[in-house]
Structure formats: structure tokens, C-alpha cells
Amino acid sequence: MSKINLTQIMMQKFSLELNSLLAMENSGIERLRSRIKEVSLPDAKQRMQQHIEESMVHQKRLQQLVTSIGGTPTTEKLGLPLPSFPQPMLDMMNNTMTKQEWELKKSEFDLIVERAEVVSYLMAIQKCQMAGGQFLNAVEALALNMKDEAQMADWIQKNSPAMLGKLWP
């Protein structure tokens, strides 16, 4: 295989990788907008709004990266890693949990999603570093996105005790 073909293949793979991250951000923004409507705690609502703004910057960075390697940025949405409860368990939860308990449960889901985003960015950065060359140009943007995701996850984790104190029965 010629070097040109290998480079083209790597560019296509990397474009797919970046578009996967973009699809994750697209889904994340949609989820955050929905969550803001559900959240009763003002500080959580404010932090989620801030994270939407950060995520929109993430989208722009990813779109620029995809375009810079000759790809087309996606508008698709990725399925987020959310728990799927067995139906009998979900029925019991729906019949017994209060709105506040669901808010706490969904904050657990928020933390799962944010940590998954951190892992996704970390793996993309490692792939860039392994590929080297022009792929290293994406590391800074991906690292900035990962930092924001980690800060959001840390915020949720740090504020969980206060949320629990305000929402637990």
C-alpha cells in the first residue's frame, strides 16, 4: 500500500473518529437542554446552561477539525451511554420514586455521560498521538474539550452531597 493511500485511509478514519465525537456533543446538548427543564436546583440549572455553551464551542472545534482534514461535519446524534433498567424495575421506580428522587437519579446519569465523554476524548487524543504527524494538530482542541467535560463531571460529583441533602426525602 502506498503512503498516499495509507494517509487517505488514516484521514477517513480520523474524520469518522472526530464525527463520532461531534455526534456525541450534538446528543449531549440536546440532553442538557431537556435536563435544564427538569432540574429544580438553580445552581445545577446554571451549571448545565454553562455546559451547553461549552459544548457549543466543542461542536465548533470539532467541525473545524473535520473540515480541516477534508471531511464533512455531521449533524447526527450518537446514542448516549445511559442505564437501561429491566422493565419490572423501571415500573417499580416509576410507581415509587418522587420527582426529587428522579432528579437525583438523572444526576447519576449526567455523571455517567460526562465521564464517558472524558473517556472518548482521551482515547481520541491517544490515537492522535499514536498516529503523529498532522494528527497532532488536533490534540490541543481535543484536550480543551476533554478538560471542560472533566470539569463538568467533577462539578456533578462534588455537588452530589448538596443535591442529595436538598432532594432526598
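Reader: How many salt bridges does a search of the whole structure find?

Author: The search finds nine salt bridges. The model is a predicted one, where local features need pLDDT of at least 70 and side-chain atom pairs count only at pLDDT 80 or more, while totals for chains, interfaces and linings use all residues. Residues are numbered from 1 along each chain as its sequence is written, and side-chain values use heavy atoms, with hydrogens and water left out.

Reader: What makes glutamate 17 and lysine 127 a salt bridge?

Author: Their N and O atoms are 2.9 Å apart, and the term asks for a side-chain nitrogen of Lys or Arg within 4 Å of a carboxyl oxygen of Asp or Glu, so glutamate 17 and lysine 127 qualify. Glutamate 17 sits in helix α1 and lysine 127 in helix α4, so the bridge ties together parts 110 residues apart in sequence. (Helices are DSSP runs of H or I with at least four residues, numbered from the N terminus.)

Reader: Why is lysine 127 called partly exposed?

Author: Its relative accessibility is 42%. Buried means under 20% relative accessible area, exposed over 50%, and partly exposed in between, with a 1.4 Å probe and protein chains only. Lysine 127 is therefore partly exposed.

Reader: What does the bridge of lysine 77 with glutamate 30 tie together?

Author: Lysine 77 is in the loop between α2 and α3, and glutamate 30 is in helix α1, so parts 47 residues apart in sequence are tied together. The closest N and O atoms of this salt bridge are 3.6 Å apart. Lysine 77 has a relative accessible area of 46% and glutamate 30 has 47%, so each counts as partly exposed.

Reader: How many aromatic pairs does the structure hold?

Author: There are two.

Reader: Why is the pair of phenylalanine 14 and phenylalanine 135 called edge-to-face?

Author: Ring centres must lie within 6.5 Å to pair (Phe, Tyr, or the six-membered ring of Trp), with planes under 30 degrees apart counted as stacked, over 60 as edge-to-face and the rest as tilted. Here the centres are 5.2 Å apart and the planes stand at 75°, so the pair is edge-to-face. Phenylalanine 14 belongs to helix α1 (residues 3-38) and phenylalanine 135 to the loop between α4 (99-131) and α5 (139-167), 121 residues apart. Both are buried.

Reader: And what makes the pair of phenylalanine 85 and phenylalanine 109 tilted?

Author: Their centres are 6.1 Å apart and their planes are at 40°, so the pair is tilted. Phenylalanine 85 lies in the loop between α2 (42-68) and α3 (87-96), and phenylalanine 109 in helix α4, 24 residues apart. Phenylalanine 85, at 24%, is partly exposed, whereas phenylalanine 109, at 10%, is buried.

Reader: How do you know that α4 and α5 are roughly antiparallel?

Author: They pack at about 160°, with their axes 9 Å apart. Angles under 35 degrees are roughly parallel, over 145 roughly antiparallel, 65 to 115 roughly perpendicular and the rest oblique, so α4 and α5 are roughly antiparallel. (Angles run from 0 to 180 degrees between N-to-C directions, and axes are lines fitted to C-alpha atoms, for helices over the stretch in contact.)

Note on methods. Helix = DSSP H or I, 4+ residues; strand = E, 2+ residues; numbered from the N terminus.
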